Amino acid sequence: MKHELVLVIDFGGQYNQLIARRVRENNVYCEIISYKTDIEEIKAKNPKGIIFTGGPNSAYLEDSPQMAKEIYDAGIPILGICYGIQTMCHTLGGTVRKGTAAEKEYGKTAITYKESRLFEGMTTNSVWMSHTDRIDTVPEGFEIIAYTADCPVAGIQNVEKNLYGVQFHPEVEHSQEGYMIIKNFLYNICGVKGDWTTDSFIKDKVAELKATIGDKKVLCALSGGVDSSVAAVLVHKAIGDNLTCVFVDHGLLRKNEGDDVERIFRNTFDMNLIRVNAEDRFLGKLKGVTEPEAKRKIIGEEFIRVFEEESNKLGKMDFLVQGTIYPDIVESGLGGESATIKSHHNVGGLPEDVDFQIVEPLKELFKDEVRKIGLELGIEDKLIFRHPFPGPGLGIRVIGEVTKEKCDILREADAIYMDELRKAGLYREIWQAFATLPDVKTVGVMGDERTYAYLVGLRAVSSSDGMTSDWYKIPYDVLEKIANRIVNEVDGANRVVYDITSKPPGTIEWE
Ligand SMILES: Nc1ncnc2c1ncn2[C@@H]1O[C@H](COP(=O)(O)OP(=O)(O)OP(=O)(O)O)[C@@H](O)[C@H]1O
Ligand SMILES: O=c1[nH]c(=O)c2[nH+]cn([C@@H]3O[C@H](COP(=O)(O)O)[C@@H](O)[C@H]3O)c2[nH]1
Ligand SMILES: NC(=O)CC[C@H](N)C(=O)O
Ligand SMILES: [Mg+2]
């Protein structure tokens, strides 16, 4: 059966897949295609509607991506988001320019909506902004339907032509009721009925894995985190004992993590598991390296070399399974037109010569979708609701050069932080929390003596997919206790700061 289709036109935004997912959540099938796609090809697909994504470019510059005017005359409803609204205005004769320092907006912003089918049923007025450029005048035939204190054109419509645009990002969870805007666009403006329901992802994936892998041998890079655990269980379901999991202890794990992961996996899952202790090897390669992307690439490469060695010992494995999820790909700059924010070790950080065929069964999904699948597969809650932990681990939380001494200080501080969050009943409510060790020493006084020791940074964020996040408001008394304990109990640390940056403009990790 042919389904109703909505096209997401990719201008290089960080949240493109999130837009696609919001459409999926509304039971509408959706494809992401490049802005370079021929307009005739687009028309031939007979889409019910089109969504233009955000993007890193400036619509008014000569070489910036834009679609030819015809697309706006094709009778297909269009919703432009961020760069999408800007390019729509620019192409149709409005004016867009670089905003002044005061006009730029990033993060949570209060907005006023006017009457529009796009905003039907909205009861809140807080949205997530991420833009430098701004629209000064709208094209003929358009009216302004939303504004903020610093942005007079935050929403536009041309009802007759079914063209709409918003400067903010309704697709991110931190835009309150943003999902309603996508829903209104789909149901009120594109007039879809909603005929797409995802068949059981697990059933489809298992069948697909069986078909791709057959009776070949597979090695799974297992971190004990959510993504690789779910990936391992899925692949195990498909191919059973032809799967061997390899867990690398690179010396950049948290306190006791290596032993915990090994114990959980040996006790709960009936899978072949190998633990490789490789602390010296990773720390050796990282010696003297300070630049974050360089560190990520070194760690990414070393992971692969370890997997290759293990594979050779086992008698050559054909496939390498990784728990890659969509945000890893898009931030690594491989999600179509989007910019590289950081090379996730398992994607952008991979060396060029990899001796395996890579299998990534979760690569289109977001963390919360992965968690749902994990629960459905019967993996225990405790593992599923663990905070994410990046593959490069403390390697990107020790800012600057990574040494064992610094990792040890950070491990102790982080363990105290987690312990206090659990005691305060906050662990599960927070999406991700961790300590970092900036390459900064500060002066303190303890027991009437001068100290000169490391600064510890604390981070805690709320999110559901890691694509956007807000800083978590840990109660002061809990923060106080954590800071006290860290300074008192961790040798080598004498000061604690709390990070109150949202994403964007910050990222969750500091490197
Ligand atoms: N220590 C490790 N040993 C083996 N493989 C690892 C290790 N750390 C990361 N990986 C591989 O890299 C992938 C990406 O890491 P990432 O941290 O994003 O996912 P995860 O650890 O599975 O889940 P989580 O996000 O919950 O930590 C993992 O799914 C896994 O395949
Ligand atoms: O497997 C991973 N390999 C990496 O190289 C990596 N870098 C960041 N992260 C995790 O991804 C989420 C978003 O991170 P950022 O806001 O820091 O980009 C957060 O949950 C980060 O912890 C990584 N995971
Ligand atoms: N997030 C976006 O789409 C940004 C659009 C454009 N690059 C700006 O800075 O305004
Ligand atoms: Mg991890």
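For the classes used below, Ala, Val, Leu, Ile, Met, Phe, Trp, Tyr, Cys and Pro count as nonpolar, Asp, Glu, Lys and Arg as charged, and the others, Gly among them, as polar. The model is predicted, local features need pLDDT of at least 70, side-chain atom pairs count only at pLDDT 80 or more, and totals for chains, interfaces and linings use all residues. Residues are numbered from 1 along each chain as its sequence is written, while chains are lettered from A and ligands numbered from 1 in the order in which they are written.

By this classification the shell around ligand 3 has 3 nonpolar, 9 polar and 1 charged residues. The shell holds 13 residues, of which Gly 54, Cys 82, Tyr 83, His 131 and Asp 133 are the closest, a residue being near a molecule if its C-beta atom, placed from the backbone, lies within 6 Å of it. At least two residues of this shell are supplied by each of α3 and β7 (126-131), where helices (H or I, at least four residues) and strands (E, at least two) are DSSP runs, numbered from the N terminus.

An unreviewed UniProt entry places the feature "active site" at Cys 82, His 169 and Glu 171; UniProt positions are given in the numbering used here, feature names are shortened, and annotations may be inferred rather than shown by experiment. These residues span 90 residues in sequence, yet no two of their C-alpha atoms are more than 10.9 Å apart, so they gather at one spot. Cys 82, found in the loop between β4 (78-81) and α3 (83-91), is buried, with 26 other C-beta atoms within 10 Å; the label buried requires 20 or more such atoms, exposed 12 or fewer, and partly exposed covers the values in between, with C-beta atoms placed from the backbone. Leaving aside neighbours within four places in sequence, Cys 82 is in contact with Gly 13, Gly 54, Ser 130, His 131, Gln 167 and His 169, contact meaning that the C-beta atoms of two residues, placed from the backbone, lie within 7 Å. Glu 171 lies in the loop between β11 (163-166) and α4 (178-189) and is likewise buried, with 29 other C-beta atoms within 10 Å.

Around ligand 2 there are 18 residues, with His 344, Pro 390, Thr 507, Ile 508 and Glu 509 coming nearest. This shell divides into 5 nonpolar, 7 polar and 6 charged residues, and its largest share, 3 residues, comes from helix α10 (residues 326-331).
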